[in-house]
Amino acid sequence: MSWNLTSSVAPVSRLWRTLAFRLTAGYALAGLFLVFLATASLYLLTVAEMERSTRLFIEDKLHVLRTMLRERPGDGDALREEVELESAARRYEQFYIRLLDEQNEPLLTTPGMAEQLDLEQLATQTGIRPGRTVRMKGRHGRAFRVTTATAPVGSPPTQTDTIQIAIDVSQQEEFLQRYRLWFFSILLGTFVALPLIGYQIARRGIRPVEDMAATARRISSTNLRERILPDGYPFELASLAGTFNQMLDRLEDSFERISRFSADIAHDLRTPVNNIRGEAEVGLARARTITEYREVLESCLEEAVRLSDLIGDLLFLARAESPLAHVRRESVNIVELLDGMREYYEASAAEAGVLLTTSANRAPVIAPLDRRLVQRAVSNLVSNAVAHTPPGGSVVLAASSEDSAVHIEVSDTGVGIPSEALAKVFDRFFRLDSSRSQAAGGTGLGLAIVQSIMLLHGGKVEIASQLGQGTRVTLHMPIAEQGHAAAVPNHHMTKT
Amino acid sequence: MRILVIEDGAKTAKFLKKGLSESGFAVEVSGDGLDGLHLALEMEFDLVILDVMIPSLDGWQVLTRLRQAGRRTPVLFLTARDAVHERVRGLELGADDYLVKPFAFSEVLARVRSLLRRAPQRPQEIIRMADLEINLLRQRVTRSGQRLDLTFKEFLLLSLLAQHAGEVLSRTLIAEAVWDMNFDSDTNVVDVNVRRLRSKVDDPFPQKLIHTVRGAGYVMESD
């Protein structure tokens, strides 16, 4: 089914790109082919059947005549009846018989035979192939089947006569002609009807797809609520609609997060900026003592530091997401790293009445990691754990390793996290209790940073918590790809 | 010590000049790449502080031309863009250090001093401040003749402050120097540790040596 679709048939080629057109063309061609095949085979079968019945009729006649000539050669009346009367009585499929003796002199002839047929022509045409049925045109344009056969006379034979039979098949021809007319009408009808029907079917089939396209067109960043209702669609398209809807769900979720994130950024940036502005404005509104000015400046500086920490964290997250971000791996003994972390936080933990310990398992856990990043992640976790554990509680740091991964676990006996909030703790700016976290100087980005550090290491972070019982955060980092990180230049001159 | 600041942000240039001058440096300021390069080539400077995004010639070009002219003057880069490849590019072009905005002035000062090798060169054995005496070798601290019982980290913290007497040290810098925390960690931890140190070093004595500079960090001095 390939025809030329070059530029000369540009409209067709454009149409060809539409699914409806392709389906229609497919249906129509297949339909036409089948109808053509059916009618044509029926026609050929009919023609063959007619020829066969004509031949059988002729053979039957020959058989009768031969039998008569052989058994009762002297019975002229019976022969005459057979040759002259029976034939003349027929209205349909009239036939003509001529009986010739050995000298080719006609003995008996059906009346009107000479008027219908050129007998000379008959003799020559059938004489070539005796016993075979041959086509012949009559004097009035009628179609005949003619044949010549020899018939021994008497038993044992005394002489051999010749029988010439012609049968008028013009009615059959007319029938076939009507048949052909029908055939072409049907083909023509099919040719017109099939594309129309096919097009309707194709359109109906494609409509859900068009609905989906229309829905998709209506969707923009401001309108992500729209969904395709999968009811009433055929199974395949319902599953497509379902997939599409799921994609929209995810998109909507991402957009919501992003817009919430932007709103949170704006809020968290606005607060310190507002404080700086307000304090400076009020401070300058009238003359103050040196101490008062100093107070204002110091407060402004504190706010500026908060602002710059926040920007630093946001930049860190943004950079961690960029495809250019990379991890500078070096061999790190995690147990030592945790010891350092414990030393660092020991004083704050003691002040908060929290017991901070590293696990008793002292076997070294060494893995190629980015020391600074892992330090930062663990530091965020320990800081959270100490801040959320009431006096008398404890925080335990533990490291373990297996063949392909290392794990760092920070568990506390703190206040815990409600299960409904657990999924959101890694979201940027998510705070369980905003007032307290703000007071503690948190940006609400700590766990988000932990998560992106884990992603940078190809690992993941897991959190489990029970309200009132405590929280356990586990960092999992695979230690497969080492060579990849070694190629990165290790400029360690800057501190962020 | 002469420092050239090439920075088009008037406020940034102003506070850098003020802060550095008050720390005892002679500071020239240029707000334009071409002018700055001209100054750097005409005059002798001990250090150039160079912003990346400046008019007429950007920081990269200024640095490249300076190095092409054979000047080995140390260059401290300032930039608002903190992409690793930019950092690497600056260092490859011959910058000596790199600071990302927003930065703390105390950080600038620390980098400048370290680039100019003005940090204490020869290791001191004993640091004395008022009646405080720190023996770095033997890791012993006495005040008014009394032996102070400090943990190892407390000793490191005190030594750090004493070695940079008169300099404001930011919490980040302290966390890095004492605990090897190379990032902006939870700096409240530094406050807690300084508080503990004070309770041993300052609280029992009338003269206070460790001072808080609000919003900036800590400084040790005996005025």
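1. Which elements of chain B cover the buried residues of α5(B)? The cover includes β1 (2-6), α1 (10-22), β3 (47-51), β4 (75-79), β5 (97-100) and β11 (217-220) of chain B. The buried residues in question, within helix α5 (residues 105-115), are S106(B), L109(B), R111(B) and V112(B). Directly after α5(B) comes R117(B), with a positive phi of about 55°. The model described in this note is predicted.

2. Chain B contains eight helices and 11 strands. It has 223 residues, of which 35% count as buried. Among its contacts with a separation of 6 or more, 54% are between residues 24 or more positions apart.

3. The next point concerns a sheet in chain B. Five strands form an open sheet in the order β2-β1-β3-β4-β5, and their pairing is parallel. Its edges are β2 (26-30) and β5 of chain B, each of which pairs on one side only. From one strand to the next, the twist averages 20°. Within this arrangement, β1(B) and β3(B) run parallel and are joined by four bridges. V5(B) has I49(B), in β3(B), as its bridge partner.

4. Two helices lie across strands of chain B. Helix α1(B) lies across β1, β2 and β3, and runs at about 170° to β2(B). Helix α5(B) lies across β1, β3, β4 and β5, and runs at about 175° to β5(B).

5. In soluble globular proteins, nonpolar side chains tend to be buried together. In this model the largest nonpolar core has 66 residues, and those with the most contacts inside it are A377(A), V378(A), V382(A), V386(A), V395(A), V410(A) and L158(B). Helix α10 (residues 371-387) of chain A supplies the largest share of this core, nine residues. A second, separate core has 29 residues, including I3(B), A40(B), L76(B) and F77(B).

6. The surroundings of V386(A) can be listed in detail. Leaving out residues up to four places away in sequence, V386(A) touches Y345(A), S348(A), A349(A), A352(A), V354(A), L356(A) and V395(A).

7. Why is helix α13 (residues 446-456) of chain A described as largely enclosed by the rest of the structure? The reason is that nine of its 11 residues are buried. The buried residues of α13(A) are G446(A), L447(A), A448(A), I449(A), V450(A), Q451(A), S452(A), I453(A) and M454(A). Their cover includes α8 (290-321), α10, β11 (460-466) and β12 (470-478) of chain A. After α13(A) comes G458(A), which has a positive phi, near 75°.

8. Two of the strands that cover α13(A), β11(A) and β12(A), run antiparallel and are joined by seven bridges. Across this pairing, K460(A) stands opposite H476(A) of β12(A). The two strands form a hairpin with three residues between them, and G468(A) in the turn has a positive phi of about 85°. Strand β12(A) also pairs with β10 (residues 405-412) of chain A, in the antiparallel sense and over seven bridges. There, V406(A) has M477(A) in β12(A) as its bridge partner.

9. With helix α3 (residues 76-89) of chain A, the packing angle is about 165° and the axes are 10 Å apart. The angle makes α2(A) roughly antiparallel to α3(A), and their crossing is left-handed. The contact involves V64(A), L65(A) and M68(A) of α2(A), together with A78(A), L79(A) and E82(A) of α3(A).

10. The other packing pairs α2(A) with helix α6 (residues 170-218) of chain A, at an angle of about 160° and with the axes 8 Å apart. Here too the angle makes the pair roughly antiparallel. The crossing of α2(A) and α6(A) is right-handed.

11. Leaving aside neighbours within four places in sequence, I276(A) is in contact with C300(A), E303(A) and A304(A). The C-alpha atoms of I276(A) and S299(A) are separated by 7.7 Å, although these residues are 23 residues apart along the chain.

Note on methods. Residues numbered from 1 in each chain as written. Chains lettered and ligands numbered in written order. Predicted model: local features only at pLDDT ≥ 70, side-chain atom pairs only at ≥ 80, totals over all residues. Buried ≥ 20, exposed ≤ 12 C-beta atoms within 10 Å, placed from the backbone. Contact = placed C-beta atoms within 7 Å. Core = buried A, V, L, I, M, F, W, Y, C linked by C-beta atoms within 7 Å. Pairing = 2+ DSSP bridges. Axes fitted to C-alpha atoms, helices over the stretch in contact; angles between N-to-C directions. Parallel < 35°, antiparallel > 145°, perpendicular 65-115°, else oblique. Left-handed = near helix turned anticlockwise from the far one by under 90°.
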